[in-house]
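Trainee: Hi, I'd like to go through this structure with you. Can we start with how the strands pair up?

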Amino acid sequence: MRNTGTLSVSTPTDLEIVMTRVFDAPRALVYESFSKPELLRQWFGPRGWSLAVCEVDLRVGGGFRFVLRGPDGKEMGMRGTYLELAPPERSVHLESFDDYPGESHVTSLFVEKSGQTTLTVTVLYPSKQVRDAVIQSGMEHGAAESYDRLAELLMARV
């Protein structure tokens with residue numbers, strides 16, 4: 001896994017990771033790709049990984065359950081609860097991983113300009129230790145590959 005440079009990642013505070021990526025697609029299409037299981041299954045996860053479980057209850061108070069399966073059969077589960085949904089502009093949810101401590105607060109903003117959508121995802125962690133463990137896990141590279149896959153899907157749909 002690697003970040004090809006299309007994903008910008010920063011740590012503006014001891015508790016946050018901010019990821020920014022520009023997609024050549026309207027924001028309604030990008031937002032839809034984050035909320036529909038049939039689209040999520042096509043791009044979510046690094047190359048070689050698949051979504052073995054993809055359940056989405058897209059409403060405030062609803063949630064999601066994903067289980068990623070790697071090429072070696074290893075699985076990584078995650079779940080979340082939607083706190084705010086304002087399609088196609090903003091989504092806010094809580095998120096936790098089966099094998100990592102703590103719950104994070106994730107805010108996704110979708111801003112469209114001239115047919116391109118800038119996605120900014122801000123993840124707030126309960127502690128610096130949890131944030132740093134996520135960084136050490138290779139999250140940046142997995143997210144970058146996942147967003148590269150999304151860009152490919154969007155290009156095919158535009």
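Trainee: Which residue in β4 is the bridge partner of S50?
Mentor: That's R69. Keep in mind as we go that this is a predicted model.

Trainee: And in which sense do β3 and β4 pair?
Mentor: Strand β3, residues 50–56, runs antiparallel to strand β4, residues 63–69, and six bridges join them.

Trainee: What sits between β3 and β4?
Mentor: They make a hairpin with six residues between them. In that turn, G61 has a positive phi of about 95°.

Trainee: OK, zooming out. In what order do the strands lie in the sheet?
Mentor: The order is β1-β2-β8-β7-β6-β5-β4-β3, so eight strands in an open sheet with antiparallel pairing. In general, strands of a sheet pair through backbone hydrogen bonds.

Trainee: Which strands stand at the edges?
Mentor: β1 (8–10) and β3 do. Each has a single partner strand, so one side of each is left without a neighbour in the sheet. From one strand to the next, the twist averages 20°.

Trainee: How many bridges join β2 and β8?
Mentor: Eight, and the pairing of β2 (residues 16–23) with β8 (residues 116–124) is antiparallel. One example there is V18, whose bridge partner in β8 is T122.

Trainee: Which strands does helix α4 touch?
Mentor: Helix α4, residues 139–157, packs on the sheet and touches β1, β2 and β8. Its direction makes about 25° with that of β2.

Trainee: Switching to aromatics: how many aromatic pairs are there in the whole structure?
Mentor: A search finds ten. One of them is F34 with F110, an edge-to-face pair at 5.6 Å centre to centre with 75° between the planes.

Trainee: Where do F34 and F110 sit in the chain?
Mentor: In distant parts, 76 residues apart. F34 is in the loop between α1 (27–33) and α2 (37–43), while F110 belongs to strand β7, residues 104–113.

Trainee: Is F110 buried or exposed?
Mentor: F110 is buried, with a relative accessible area of 2%. F34 is partly exposed at 21%.

Trainee: What about W43 and F44?
Mentor: Those two form an edge-to-face pair as well, 5.5 Å centre to centre and 65° between the planes. W43 counts as buried at 1% relative accessibility, and F44 counts as buried at 17%, because the cut-off for buried is under 20%.

Trainee: Which residues do the ring pairs link into a cluster?
Mentor: The cluster is F23, Y31, F34, W43, F44, F64, F66, Y82, F110 and Y147.

Notes. Residues are numbered from 1 along each chain as its sequence is written. This is a predicted model: local features need pLDDT of at least 70, side-chain atom pairs count only at pLDDT 80 or more; totals for chains, interfaces and linings use all residues. Side-chain values use heavy atoms; hydrogens and water are left out. Rings of Phe, Tyr and Trp (its six-membered ring) pair if their centres lie within 6.5 Å; planes under 30 degrees apart count as stacked, over 60 as edge-to-face and the rest as tilted. Helices (H or I, at least four residues) and strands (E, at least two) are DSSP runs, numbered from the N terminus. Buried means under 20% relative accessible area, exposed over 50%, partly exposed in between (1.4 Å probe, protein chains only). Two strands pair if DSSP finds at least two bridges between them. Axes are lines fitted to C-alpha atoms, for helices over the stretch in contact, and angles run from 0 to 180 degrees between N-to-C directions. Contact means heavy atoms within 4.5 Å.
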